[in-house]
Amino acid sequence: MEAMFLGGPRPQRGVGVVAPFDFALDRELWRWTPDEVSLHLTRTPYVPVEVSLDLARLVSEHETLTDAVRTLIAVHPEVLAYACTSGSFVGGTAGERAMCEAMTGAGAVPSVTTSGALLEALAELGVRRVALVTPYTESVTRSLRAYVAQAGVVVTGCVYMGLTRHIWKVPYRDVVEMARRAVGTPGAAGEPQALFLSCTNLPTYDVIPQLEAELRIPVISANQVTMWAALRRLGTRAVGPYQALTDDSARAWPAVLPDGPQEQQEGRT
């Protein structure tokens with residue numbers, strides 16, 4: 001039988017992704033990606049440092065970013081994404097903006113970072129109070145809280161794991177348990193309007209719909225907001241059924257809950 005070729009493969013639009021050297025969840029990023037978009041990933045150079053504030057600073061240096069972007073521009077991505085939460089919040093909101101400027105300058109296309117996408121997603125959902133789950137140490141978690149506070153968002157509860165390696169191996173059941181602790185008792189004063197699951201190396205895709213159904217608030221994660229923001233700049237949508245950020249029909253609750261007394265809790269493992 002003669003093979004028939006009907007004009008070649010479907011045209012693709014490209015998203016260039018810069019990830020830390022230890023990023024292990026490439027497949028999770030693809031799950032939010034529609035068929036007409038291709039991801040082109042590159043990684044920062046290896047450094048013998050565990051997950052910490054020092055590592056966050058090393059993998060987000062402007063020279064490192066621009067070198068990584070230059071490895072991507074040969075395939076002409078239309079947008080660039082820096083897929084690392086701690087690396088993009090460690091310098092505060094001003095540092096995050098400077099990272100985007102450095103990447104855009106090296107690639108001549110729009111750029112987003114995970115932490116910048118987080119703030120964009122919170123604004124999209126009308127969230128002013130958020131609970132946090134992180135796999136980080138206390139010092140890295142404290143830096144995330146400071147970043148969120150800089151943007152005028154109140155942290156109502158926070159739980160962290162204290163991990164310094166192999167974060168991609170955390171099972172979903174642990175993520176769910178930490179989420180429940182961070183959100184606290186439903187109806188409590190100062191209850192969160194959303195939950196953020198931090199770290200692009202923390203698996204989250206499948207737990208988001210389950211947690212949203214249980215907690216009755218939007219649940220957003222590092223990889224989710226990164227892909228949502230990058231694809232938004234292409235004028236297309238991330239693929240995430242039953243996830244409030246990516247699926248309008250999943251928003252079954254008010255975008256903004258009534259304000260009340262704000263209490264901060266911090267849980268720890």
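Rings of Phe, Tyr and Trp (its six-membered ring) pair if their centres lie within 6.5 Å, and planes under 30 degrees apart count as stacked, over 60 as edge-to-face and the rest as tilted. This is a predicted model, in which local features need pLDDT of at least 70 and side-chain atom pairs count only at pLDDT 80 or more, while totals for chains, interfaces and linings use all residues. Residues are numbered from 1 along each chain as its sequence is written, and side-chain values use heavy atoms, with hydrogens and water left out.

**View A. Phe 89 and Tyr 136 form an edge-to-face pair.** The structure holds four aromatic pairs. In one of them, the ring centres of Phe 89 and Tyr 136 are 6.1 Å apart and the planes stand at 70°, so the pair is edge-to-face. Phe 89 lies in helix H4 (residues 85-89), whereas Tyr 136 lies in the loop between strand E5 (129-134) and helix H7 (138-150), 47 residues apart; helices (H or I, at least four residues) and strands (E, at least two) are DSSP runs, numbered from the N terminus. Phe 89 has 1% relative accessibility and counts as buried, a term that means under 20% relative accessible area, with exposed over 50% and partly exposed in between (1.4 Å probe, protein chains only).

**View B. Phe 89 and Tyr 147 form a tilted pair.** The centres of these two rings are 6.5 Å apart and their planes stand at 40°, so the pair is tilted. This pair links helix H4, which holds Phe 89, with helix H7, which holds Tyr 147, across 58 residues. Ring pairs link Phe 89, Tyr 136 and Tyr 147 into a cluster.
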